[in-house]
Amino acid sequence: MSFDEYCDFGKSTKDLFEEDFDSTFSLNIKAKAPKGVGISSTTEYCPGAAIFPSKLNLDWSHAESGFAVDKLEINSLSKGSIETSLSTVPYLPGLKLTFKGVDCSTGSLGMVYKHRVATLSSDLDIAGFSSMNVSALGGTAGVTAGASASLALGSKFEVKDFGGAVGYTPREGMFVGVQTSNKCNEINGSMQFQVQPKLALAALVDFTPKTSEHSLNVGVSYNCCEGTSTKVKVSNSGCIDASVKSEFPNQLTLVGSAGIDVKNPDKYSFGVNATLG
C-alpha cells in the first residue's frame, strides 16, 4: 500500500467543491500525435474583452526510461512553463524526481519517495535557493497522518510555515480529516460520505482560533444517469453554486455552471466549458 503526497490530503473531498465550477467560457481540445506526444489547447472567451486568452500544451513520456515531459505549455501572454519527471531511478525503487519551471524566473526540483508505510516529498527552489518545502504522509488501519514545513534558506534559516494533518477512513466512501496550516494557526476540517453509488455528500470547515473567523461549505454530487452528473455547493456566506456535466459521443464533454450570492443577487456568475478529445 502506498500513500498520497501530503499536498493531496483530502483531495477527493476538495475536488467535489473545486471541479466543474469554472465560471468561464472555454473550449478545450485534446489529441494524440505520433511518437506518443499528447497535444491540448485551451481557448477562453472573455465577454466585453477583445482578447481570447489561449494556451497550448504538449506532453510526452518514454516508458522504458521512466522519463516524461508532463507539461510543456505556451500561452498567449508569451509565458512558458515546463514540468518533467523521472519515475524510474536506478537502485532506488519508489523514488520519483520532478522539475518545474516558469519562463526563466522560477524553477524547482522535487523528490517523492513512496514506501509502504509513508510517502516523503520535498521541493527545492533552484532558481534562487531561497526556499524548500518538505512533507510526509503515512498511516495504517484506515488512519493517515502527516506533517509539512516550509523553510527559508540563504543567509538566514527560518521555518516560514508548518502544519499537520490526521485523517480517518472507516470504510470505502467515507473520510474525515483535520488539517492545520499557517504555523498551526488555521484549522481546516473535511468530511465526505458516499451515501450510495450515485450520491455523495461533503463538507469543508475552516476556523481561525485567534480571530474566531470561520467558514462552512456543504456540497452534494449526484450522478443522474449514465454520462450526466450534477453538483451543488452552499457556503455560510450566502453563495450557492451548481453545475451540470454531460458526456456525449465522439469524446465531447460539456460543463455548465452558475452561481449567485443570495445576500447580493446582482452578484452572479455562469460559464460553459467544452472539452473535445
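**Entry 1. The largest pocket**

How many nonpolar, polar and charged residues does the lining of the largest pocket have? I looked this up in a predicted model. I found 8 nonpolar, 14 polar and 7 charged residues in that lining.

I then noted the volume of the largest pocket, which is about 620 Å³. Its lining comprises 29 residues, and those nearest the centre are E5, C7, S121, S122 and D123.

I also recorded which strands take part. At least two lining residues come from each of β5 (80-86), β6 (95-102), β7 (106-114), β8 (118-125), β9 (131-140), β10 (143-152), β11 (158-168) and β12 (174-181).

**Entry 2. The second largest pocket**

By class, I recorded 3 nonpolar, 10 polar and 9 charged residues in the lining of the second largest pocket.

**Entry 3. Cysteines**

I searched for disulfides and found 0 in the structure. A disulfide would require them to lie within 2.5 Å.

C224 is partly exposed, at 33% relative accessibility. C239 is also partly exposed, with a value of 29%.

I located S229 in strand β16, which covers residues 228-235. Is S229 buried or exposed? At 16% relative accessibility, S229 counts as buried, because the limit for that class is under 20%.

Leaving aside residues up to four places away in sequence, I listed the contacts of S229 as Y222, N223, C224, S243, V244 and K245. C224, described in the previous entry as partly exposed, is thus one of the residues that S229 touches.

**Entry 4. Salt bridges**

I counted 3 salt bridges and examined each pair in turn.

The pair K11 and D15 has its closest N and O atoms 2.7 Å apart. Both residues belong to helix α1 (residues 11-18), and their spacing of 4 residues corresponds to about one helical turn. K11 is partly exposed at 40% relative accessibility, whereas D15 is buried at 16%.

K231 and D20 form another salt bridge, with an N to O distance of 3.6 Å. Which parts of the chain does this pair tie together? K231 lies in strand β16 and D20 in the loop between α1 and β1, so the pair joins parts that are 211 residues apart in sequence. K231 is buried, with a relative accessible area of 12%.

K71 and E83 form a salt bridge at 3.5 Å, N to O. I placed K71 in strand β4 (residues 67-75) and E83 in strand β5, 12 residues apart. K71 is partly exposed, at 22%, and E83 is partly exposed, at 24%. Strand β5, where E83 lies, is also among the strands noted for the lining of the largest pocket.

Methods:
Residues are numbered from 1 along each chain as its sequence is written. This is a predicted model: local features need pLDDT of at least 70, side-chain atom pairs count only at pLDDT 80 or more; totals for chains, interfaces and linings use all residues. Side-chain values use heavy atoms; hydrogens and water are left out. On a 1 Å grid over the protein atoms alone, a cavity is a set of points where a 1.4 Å probe fits but cannot get out, and a pocket is an open set with protein on both sides within 12 Å along at least five of seven lines; lining residues have an atom within 4 Å of a point. Grid points are joined across faces, edges and corners, and a volume is the space filled by probe spheres set on the points. Ala, Val, Leu, Ile, Met, Phe, Trp, Tyr, Cys and Pro count as nonpolar, Asp, Glu, Lys and Arg as charged, and the others, Gly among them, as polar. Buried means under 20% relative accessible area, exposed over 50%, partly exposed in between (1.4 Å probe, protein chains only). Contact means heavy atoms within 4.5 Å. A salt bridge is a side-chain nitrogen of Lys or Arg within 4 Å of a carboxyl oxygen of Asp or Glu.
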